[in-house]
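Hi,

Here is the structure I promised to pass along. Have a look at it first, and my notes on what turned up follow below.

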Amino acid sequence: MDIKWLPRTTKGIVSIYENHITLNKVARDYFKDAYRALVGYDKDNDLLLIKALNKEEASLPKYSDNDLHQISIKPTYGRINGKGVVQNLMEFHPLDFSQKSLYKFKCDWEASTKMLKVYLQREVK
């Protein structure tokens, strides 16, 4: 008998609401030691990028206070609050919150850059 045991959740999911971005537990685990986060958009690949920064990295002069986002880490999720960051994303990728209250997307962690890549073309229905 060849048995493959299935975990509860193996995929990271990022949910985007009108006022915040939420990471499920799988995605959140990569940010458990993060002090701040950078949030960006890769136009060529239609990716939302969330980069974890420790306190030392966040204090580097190449990042302004306006670039740095607080990330709240809870036992089962992570959250970046701020309507502004979602509105900035909407300048590049259409999200219509009059039609849906949230959008869920698949994501992967890129360890070499300490960055979560959120695939905006891979919406979870």
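**The largest pocket and the strand beside it**

β3 is the element that gives the most to the lining of the largest pocket, with four residues. Please keep in mind that this is a predicted model.

The largest pocket has a volume of about 210 Å³. Besides β3, which spans 36–42, the helix α3 (83–90) also supplies at least two residues of its lining. If you want to find the spot in your viewer, select Leu38, Val39, Gly40, Tyr41, Leu48, Asn66, Asp67, His69, Val85, Asn88, Leu89 and Phe92, which line the pocket. Sorted by class, that lining has seven nonpolar, four polar and one charged residues.

Now, which strands does β3 pair with? One is β4 (residues 47–53), joined to β3 by seven bridges, and the other I'd point you to is β5 (residues 68–69), joined to β3 by two bridges. The β3 and β4 strands run antiparallel, and β3 and β5 run antiparallel as well.

Arg36 stands opposite Leu53 in β4, while Ala37 has His69 in β5 opposite.

Best wishes

Methods. Residues numbered from 1 in each chain as written. Predicted model: local features only at pLDDT ≥ 70, side-chain atom pairs only at ≥ 80, totals over all residues. Heavy atoms only, no water. 1 Å grid on protein atoms, 1.4 Å probe; cavity = no way out; pocket = protein on both sides within 12 Å on 5 of 7 lines; lining within 4 Å. Points joined across faces, edges and corners; volume = space filled by probe spheres on them. Nonpolar A, V, L, I, M, F, W, Y, C, P; charged D, E, K, R; others polar. Pairing = 2+ DSSP bridges.
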